[in-house]
Amino acid sequence: MDYTIIPMLLCNAQQKFRTVPRDLQVLEGTEALLRCEIYNLVGAVQWTKDGFALGFSHTIPGYPRYSVLADRNLGIYNLRISNASIEDDAEYQCQVGPAKFNSAIRANARLTVICK
């Protein structure tokens with residue numbers, strides 16, 4: 001077996017962002033959708049709000065208006081916030097954890113909620 005091929009194959013399979021979350025402004029009472037899509041996903045994905053980890057579940061305990069619209073096979077982990085309020089105005093981060101031969105990756109977005 002030629003072991004010189006293995007590192008090249010692993011480098012090509014690194015998880016990376018296909019779509020990073022973007023800064024977003026929404027009106028109070030509307031829906032916010034922060035997009036996060038990953039190529040070659042192997043790590044676990046979660047969102048944070050101002051540095052607080054929201055967890056790995058599609059439903060987020062303590063945040064009934066928040067949900068993660070996810071399809072692991074497609075690498076999609078979008079954060080949906082319904083009925084946005086001023087309390088949701090924050091810095092969010094999509095975090096993809098490390099996995100074998102893959103480093104952790106992170107991407108930030110600022111959500112600004114505008115009062116009606």
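Me: Which residues line the largest cavity, and what makes a residue part of a lining?

Reply: The largest cavity is lined by Val45, Gln46, Trp47, Gly55, Phe56, Ser57, His58, Val68 and Tyr77, and a residue belongs to a lining because it has an atom within 4 Å of a grid point of the cavity. The model is a predicted one, in which local features need pLDDT of at least 70 and side-chain atom pairs count only at pLDDT 80 or more, while totals for chains, interfaces and linings use all residues. Residues are numbered from 1 along each chain as its sequence is written, and side-chain values use heavy atoms, with hydrogens and water left out.

Me: What makes a space a cavity, and how many cavities of 30 Å³ or more does the search find?

Reply: A cavity is a set of points, on a 1 Å grid over the protein atoms alone, where a 1.4 Å probe fits but cannot get out. The search of the whole structure finds one cavity of 30 Å³ or more, and the largest cavity has a volume of about 30 Å³, a volume being the space filled by probe spheres set on the points.

Me: Why are E2 and E6 called edge strands of the open sheet?

Reply: The open sheet has five strands in the order E2-E10-E9-E5-E6, with mixed pairing. Strand E2 (24-27) and strand E6 (52-53) each have a single partner strand, so one side of each is left without a neighbour in the sheet.

Me: How do you know that E5 and E6 pair?

Reply: Two strands pair if DSSP finds at least two bridges between them, and E5 (residues 45-49) meets that requirement with E6 over two bridges, in the antiparallel sense. Thr48, for example, has Ala53 in E6 as its bridge partner.

Me: Why is Gln15 called buried, and what does Gln15 touch?

Reply: Buried means under 20% relative accessible area, with exposed over 50% and partly exposed in between (1.4 Å probe, protein chains only); Gln15 stands at 4% and therefore counts as buried. Gln15 lies in the loop between helix H1 (5-12) and strand E1 (16-19). Contact means heavy atoms within 4.5 Å, and, leaving aside residues up to four places away in sequence, Gln15 touches several residues, including Tyr39, Gly43, Gly97 and Ile105. A polar atom of the Gln15 side chain lies 3.0 Å from the backbone nitrogen of Gly43.

Me: Where is Gly43 found, and is Gly43 buried or exposed?

Reply: Gly43 is found in the loop between strand E4 (37-39) and E5, and at 2% relative accessibility Gly43 counts as buried. Gly43 and Gly97 are 54 residues apart in sequence, yet their C-alpha atoms are 4.7 Å apart in space.

Me: What makes the pairing of the Gln95 and Gln93 side chains a polar contact?

Reply: A polar contact is a pair of N or O atoms within 3.5 Å, where within protein one must be able to donate a hydrogen and the other to accept it, and where residues adjacent in sequence count only if both atoms are side-chain atoms. The contact that joins the side chains of Gln95 and Gln93 is 2.6 Å. Gln95 lies in strand E9 (residues 90-96) and is buried, with a relative accessible area of 15%.

Me: Why is strand E8 called largely enclosed, and which strands pair with E8?

Reply: Five of the six residues of E8 (residues 76-81) are buried, so the strand is largely enclosed by the rest of the structure. E8 pairs in the antiparallel sense with E3 (residues 32-34) over three bridges, and with E7 (residues 66-71), also antiparallel, over six bridges. E7 and E8 form a hairpin with four residues between them, and Gly75 in the turn has a positive phi of about 70°.

Terms used
1 Å grid on protein atoms, 1.4 Å probe; cavity = no way out; pocket = protein on both sides within 12 Å on 5 of 7 lines; lining within 4 Å.
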